[in-house]
Amino acid sequence: MALRSVFDGGALRAELESAGISPNFVPLIWKYVLQVPGCDLGNVPSLPSAAYPILRSKFRPFTSSLSSAIDSKDHLTTKLLITLQNGNSVEAVIMRYDTRLGKYNGKPRPGGPRSTLCVSSQVGCKMGCKFCATGTMGFKNNLSTGEIVEQLVYASRFTNIRNVVFMVGAMMVEELQVEGQLSLGSCDMVLHFLTLPALCSYVSMIVAKSTVYTTALIVLGMGEPLNNYAALVEAIHIMTGFPFQISPKRITVSTVGIIHAINKLPGDLPNVNLAVSLHAPDQDVRCHIMPAARAFPIGKLMDALQTYQTNTQQKIFIEYIMLDGVNDLELHAHQLGKLLETFHVVVNLIPFNPIGSSSSFKTSSEQSVTRFQKVLRGVYNIRTTIRQEMGQDISGACGQLVLNLSEQRSTGGATLLTDIEDLHI
């Protein structure tokens, strides 16, 4: 029988409680694993003697392994390739920036170096978004709670991790604007339990071989986070507790719009940020580029978001990929503005990242993106940012998680893979 990750919190607590051991020892076990990489669980100090046979026979410090880490040429983005116990692989992406380079409401903003971790929640994805590389994989399996949390642990080894003001997808979203552009979407760290289409849109602390601290977590890596709801919720609870202590306001969860799960978020994950991969202002265009949208009509989705905002009083982040001639016309901007004008939202316009010759989509021109932004801002007074592209040279940008890096470099083009483990890094 496969051993469980020690970060599978529910399973660990249940095993300890069945032996009459207080679950209060669980955070102490996690703290030891964080402090002593490669440790033997039999060496965790100060536990009841009955705990050690349980730890040795049923759990491991990690069930995944960090296979590789590759930096972009500008060293602002690091992609982690993580091999799971079942042989499949997932990716997590660390993005770094300095908030002092940006402006907020036209004024210089305080802060300093920051890192955002984009976390995966599934191997592959069921949503099949046509503009996203991960969508071409199909769905393989959900990640366990431990496999989600382990991504944060691996990322934290690349820098000093700020004490846990843990933010997963919606952690307090801080926008970094440089000449009108928003770096890293709407959050410091996106736990897009990383929603796939906005992949890498945004688990918490990763800084880059320096004194940079990860201050936000975005669940936007591989997979649709809300399709792995139970594991997502448990992972975020672990991240916001000791010893990680990431603020819920620093965590963002991204979704294509799983309505029944959105309805549960305020009760299960209060104060965590919500990002919605909308990508079109009407149902027809949305279904064309996001087949799964047929199950979540845009009218019902907007009703659910209105209820969510009424209950939480939190802003919602809207992700909108810019596809030339598909959803980037001035008409689309007006349609989107009318759709969102009663909401408190931040719209993040995302340049399309190439995903290989099989894709018919093209990136919108800079002029089209700027015009789109001006309509939303000027006519509808909707805060709108343009995402700064990061990590394209290592296939770490939004939607690129399944690209064959070596072939991209050798041929100058990107080739889609049938499986992420076919990556040659």
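This is a predicted model: local features need pLDDT of at least 70, side-chain atom pairs count only at pLDDT 80 or more; totals for chains, interfaces and linings use all residues.

Residues are numbered from 1 along each chain as its sequence is written, and side-chain values use heavy atoms, with hydrogens and water left out.

Next, display the surface. Its accessible area comes to about 15,600 Å², with 51% belonging to carbon and sulfur atoms (Shrake-Rupley method, 1.4 Å probe; for residues, only the protein chains shown count as cover). Of the 425 residues in the protein, 61% are buried, meaning under 20% relative accessible area (1.4 Å probe, protein chains only).

**First stop: α1 and α3**

Select residues 9-18 for α1 and residues 51-58 for α3; the two helices pack at an angle of about 140 degrees, their axes 10 Å apart. Axes here are lines fitted to C-alpha atoms, for helices over the stretch in contact, and angles run from 0 to 180 degrees between N-to-C directions. This angle makes α1 oblique to α3: angles under 35 degrees count as roughly parallel, over 145 as roughly antiparallel, 65 to 115 as roughly perpendicular and the rest as oblique. Now show side chains: Leu12, Glu15 and Leu16 of α1 meet Ala51, Ile54, Leu55 and Lys58 of α3, where contact means heavy atoms within 4.5 Å. By class, this contact has five nonpolar, no polar and two charged residues (Ala, Val, Leu, Ile, Met, Phe, Trp, Tyr, Cys and Pro count as nonpolar, Asp, Glu, Lys and Arg as charged, and the others, Gly among them, as polar).

**Second stop: α5 and α6**

Move to residues 229-240 (α5) and residues 259-268 (α6), whose axes come within 12 Å and cross at roughly 25 degrees. α5 is therefore roughly parallel to α6. On α5, pick Tyr229, Val233 and His237; they meet Ala261, Lys264, Leu265 and Asp268 of α6. Four nonpolar, one polar and two charged residues form this contact.

From α6, Ile259, Ile262, Asn263, Leu265 and Pro266 make the contact with Lys300, Leu301, Ala304, Leu305, Tyr308 and Thr312 of α8. Its composition is eight nonpolar, two polar and one charged residues.

Terms used: Helices (H or I, at least four residues) and strands (E, at least two) are DSSP runs, numbered from the N terminus. Buried means under 20% relative accessible area, exposed over 50%, partly exposed in between (1.4 Å probe, protein chains only).
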